[in-house]
Amino acid sequence: MHASTQQDGPAASPLTTPLVTIDAVMQQVAEHKGCGTQGGSGKASCGSAAGQGDLPTEIWEKVKNHPCYSEEAHHHYARMHVAVAPACNIQCNYCNRKYDCANESRPGVVSERLTPEQAARKVVAVASTIPQMTVLGIAGPGDPLANPAKTFKTFELISQTAPDIKLCLSTNGLALPDHVDTIARYNVDHVTITINMVDPEIGAKIYPWIFWNHKRYTGVEAAKILTDRQLQGLEMLTARGILCKVNSVMIPGVNDRHLVEVNRAVKSRGAFLHNIMPLISAPEHGTVFGLTGQRGPTAQELKALQDSCEGEMNMMRHCRQCRADAVGLLGEDRSAEFTTEKIMEMEVAYDLDGRRAYQAKVEAERVAKVAAKHEELATLAGESSDITLLVAVATKGSGLINEHFGHAKEFQVYELSTAGAKFVGHRRVDLYCQGGYGDEGGLETVIRAINDCHAVFVAKIGGCPKDDLTKAGIEPVDGYAHEFIEKSAIAWFKGYLEKVASGALEHRPRGDAAIRQGALIVAA
């Protein structure tokens, strides 16, 4: 199968972003609030968790309500993907693009493919129903730039009918240099490139083949072409002021140590954000790595690699490795509510003013959350402790502890220290409550998933799971129900330090945790 050679759709409005390099922008960031890019590691201290005061206006406007480019925004804003791009131009050993797998959440999986016209109607329907949906992405199920006519036609239609929605695409980068001008012309301000290596010898272990210039290439030659094209495309995008996120799949024993070098390479070419994701390798997914027994990383292995790369550039830790037709907040999928059959029956009225009013309310909530965090953080001033620990949180979103333990499909994980609360990841789990009854097998998977955490914050929890968690050394905390996550976590941590200082509690490190694959997260 070979990719279409058509590059451009009908012309859209001219590019509005000035032709500046990301280096120049990041230096502007450095001069703002004193977070410098010079000296030391060269990393600006304004990452995906940055707020309005940390970023220049033009960057803030691009990321403030983008749930993938801003960790803080992902608590409040939703995204959707439309599956209009079925063809792919490379083969990855971690990929098997299955269809009609509605209960599985991983890249490349979709329940139905759409035409650009169907996709545009679906976007309007979703945006009318979910006013906090701010971002439309095309991520497959193949590669958007192996399907350029369908991809750019979709962007054209959406920009006409829903002009307030941000446009994104995610690509393997092989065809990227050929389409940068078109990406810029369609005002696609966010592009994600999956870059798993910059060494072709390592790349040959990940990619069996690529299809480029009407020819199939294999082995080291294929990997060399791929990495050259990826890095060229990244440089071309950042030269146009387009924000670029780099995704990398961590494959233990293959590219895990090498990803530090990848991190340096993409930073030097202007990438805004680096997202290191765990390999999904369960055998039932039918991938080469899954069938050959290649394991994925543990939670602590993944965190250690992310921590080591964070010294070089901004890291994304809130990725959910979404389906190619995902809808909703990160960590949820409401795509079942918006099948083609259902949206064709819907009465859709796009209320731009109503969407803006709703999002203004969300912004007010964000301001309150940040203020509460800083107020609580001030109570830690003067505290001196080397203790750092992790806690898990059950949440439905909005930055609140607002989920029942038994209803949680994932837990968000925060690292606590005297510097405050830092989001470091999430853990998918099987539902503990099944039809009103607790599932002991499900509880075991929860404990394995958060085994490295000292506590779990919940809105409510039953007696039996509370006892079992306590026996496992994880403190269940339900005293901060429906309060802000970071404020509550800091308050709890201050009490923890007081108990340690008084001798009432002995601080002990926790063990490692398992990254749960293939959790069922689609809404009923």
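Leaving aside neighbours within four places in sequence, Val391 is in contact (heavy atoms within 4.5 Å) with Gln412, Val413, Tyr414, Leu416, Cys453, Ala455, Phe457 and Trp492. This is a predicted model: local features need pLDDT of at least 70, side-chain atom pairs count only at pLDDT 80 or more, and totals for chains, interfaces and linings use all residues. Residues are numbered from 1 along each chain as its sequence is written, and side-chain values use heavy atoms, with hydrogens and water left out.

**Val391**
- Val391 sits in strand E12 (residues 389–393); helices (H or I, at least four residues) and strands (E, at least two) are DSSP runs, numbered from the N terminus.
- Val391 is buried, at a relative accessible area of 0%; buried means under 20%, exposed over 50%, partly exposed in between (1.4 Å probe, protein chains only).
- Phe457 lies 66 residues from Val391 along the chain, yet their C-alpha atoms are separated by 7.5 Å.

**Burial of strand E5**
- Five of the five residues of E5 (residues 190–194) are buried, so the strand is largely enclosed by the rest of the structure.
- In a regular strand, side chains alternate between the two faces of the sheet.
- Both faces of E5 are covered: His190, Thr192 and Thr194 are buried on one side, Val191 and Ile193 on the other.

**Partners of strand E5**
- E5 pairs with strand E4 (residues 166–171) in the parallel sense over four bridges; pairing takes at least two DSSP bridges between two strands.
- Cys168 has His190 of E5 as its bridge partner.
- E5 also pairs with strand E8 (residues 243–250), in the parallel sense over five bridges.
- Thr194 has Asn247 of E8 as its bridge partner.
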